[in-house]
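Welcome, and please open your viewer. We will go from one selection to the next and look at what is there.

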Amino acid sequence: MFLIVNVRLMTKPPGTRVVPHPDAPIGLARRLYQIALGAVAEVHANTDLRPLEFGVLTYLHHCPGIDQNTLVEQMALDRTSVSAMVYHLEQLGLIERTVNGVDRRARVLRLSAAGKALHDRQLPKAVAAQDRIFAVLTPAERRSLIDMLKRVIEANQSYVRPGAGRRKPVRQTRDAAATNSRD
């Protein structure tokens with residue numbers, strides 16, 4: 001049985017050290033994510049790519065001509081982040097963004113020749129990094145881990161809210177601004 005500990009709500013005698021449960025799946029998932037980000041950063045250190053941008057290149061390699069909104073949905077990212085990534089990749093000359101002929105509000109995305117070349121050059125390095133991370137598992141264990149992760153993800157789609165967990169920006173209302181200006 002997994003126990004997820006909310007350390008802030010626990011009462012403890014003074015001087016007692018609280019150690020979160022080492023088998024908490026959320027904590028383990030966060031640590032795996034940190035390791036993966038570290039590996040991705042190492043692989044792409046010699047490029048101008050940010051962590052998720054290689055994922056965008058890979059997605060566009062496999063699904064050329066998708067629109068930006070579909071990319072948002074498929075990668076489960078917020079629109080602002082995808083817009084910034086697409087803009088950066090376009091500025092680097094790695095993708096081409098054109099107006100969709102059917103829906104002029106939509107933007108169609110494709111890898112440029114330079115984007116395809118960078119993707120093809122970086123892919124073996126990314127795969128090698130992934131293999132290094134998971135070298136501690138047998139091939140059967142890797143398949144099991146992937147199957148289990150997919151099951152957990154598919155069963156919990158209601159929690160996929162891009163940007164969830166971020167603090168909402170604090171916005172002053174007119175009344176609060178008027179009150180502050182009177183002080």
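Where is the place of alanine 76? Select alanine 76 and you land in the loop between helix H3 (68–75) and H4; helices here are DSSP runs of H or I with at least four residues, strands are runs of E with at least two, and both are numbered from the N terminus. Before you move on, note that this is a predicted model, in which local features need pLDDT of at least 70 and side-chain atom pairs count only at pLDDT 80 or more, while totals for chains, interfaces and linings use all residues. Residues are numbered from 1 along each chain as its sequence is written, and side-chain values use heavy atoms, with hydrogens and water left out.

**Stop 1: the loop**

Stay with alanine 76 and check its backbone: phi is near 55°, a positive value in a residue other than glycine. Most residues other than glycine have a negative phi. Alanine 76 counts as partly exposed because its relative accessibility is 35%; buried means under 20% relative accessible area, exposed over 50%, and partly exposed in between, with a 1.4 Å probe and protein chains only.

**Stop 2: the whole chain**

Now zoom out. The chain has 7 helices and 3 strands, and along the sequence they follow the pattern α-α-β-α-α-β-β-α-α-α. Of the 183 residues in the chain, 20% are buried. Among contacts (heavy atoms within 4.5 Å) with a separation of 6 or more, 48% are between residues 24 or more positions apart.

**Stop 3: the sheet**

Next, colour the strands. They form an open sheet of 3 strands in the order E1-E3-E2, with antiparallel pairing; two strands pair if DSSP finds at least two bridges between them. The edge strands, each pairing on one side only, are E1 (66–67) and E2 (95–99).

- Select E2 and strand E3 (residues 107–111): 5 bridges join this antiparallel pair.
- Within that pair, threonine 98 stands opposite valine 108 in E3, and isoleucine 95 stands opposite leucine 111 in E3.
- Select E1 and E3: 2 bridges join them, and they run antiparallel.

**Stop 4: helices H1 and H5**

Show H1 and H5 together. Their axes come within 10 Å and cross at roughly 145°. From H1, the contact is made by Ile35, Ala36, Ala39, Glu42 and Val43; from H5, by Gln122, Lys125, Ala126, Ala129, Arg132 and Ile133. By class, this contact has 7 nonpolar, 1 polar and 3 charged residues. Here Ala, Val, Leu, Ile, Met, Phe, Trp, Tyr, Cys and Pro count as nonpolar, Asp, Glu, Lys and Arg as charged, and the others, Gly among them, as polar.

**Stop 5: salt bridges**

How many salt bridges does a search of the whole structure find? There are 5, a salt bridge being a side-chain nitrogen of Lys or Arg within 4 Å of a carboxyl oxygen of Asp or Glu. Side chains of opposite charge can pair when their charged atoms come close.

Begin with arginine 132 and glutamate 42, whose side chains meet at 3.7 Å, N to O. This pair links distant parts of the chain, 90 residues apart: arginine 132 is in helix H5 (residues 113–133) and glutamate 42 in helix H1 (residues 25–43). Both residues are exposed.

Then select aspartate 131 and arginine 142, a salt bridge with its closest N and O atoms 3.4 Å apart. Aspartate 131 lies in helix H5 and arginine 142 in helix H6 (residues 139–155), so the pair ties together parts 11 residues apart in sequence. Aspartate 131 is partly exposed at 34%, and arginine 142 is partly exposed at 26%.

**Stop 6: around histidine 88**

Last, select arginine 50 and glutamate 53, a salt bridge at 3.7 Å, N to O. Leaving aside neighbours within four places in sequence, histidine 88 is in contact with Asp48, Arg50 and Glu53. Histidine 88 counts as buried because its relative accessibility is 15%.

How values were computed: Axes are lines fitted to C-alpha atoms, for helices over the stretch in contact, and angles run from 0 to 180 degrees between N-to-C directions.
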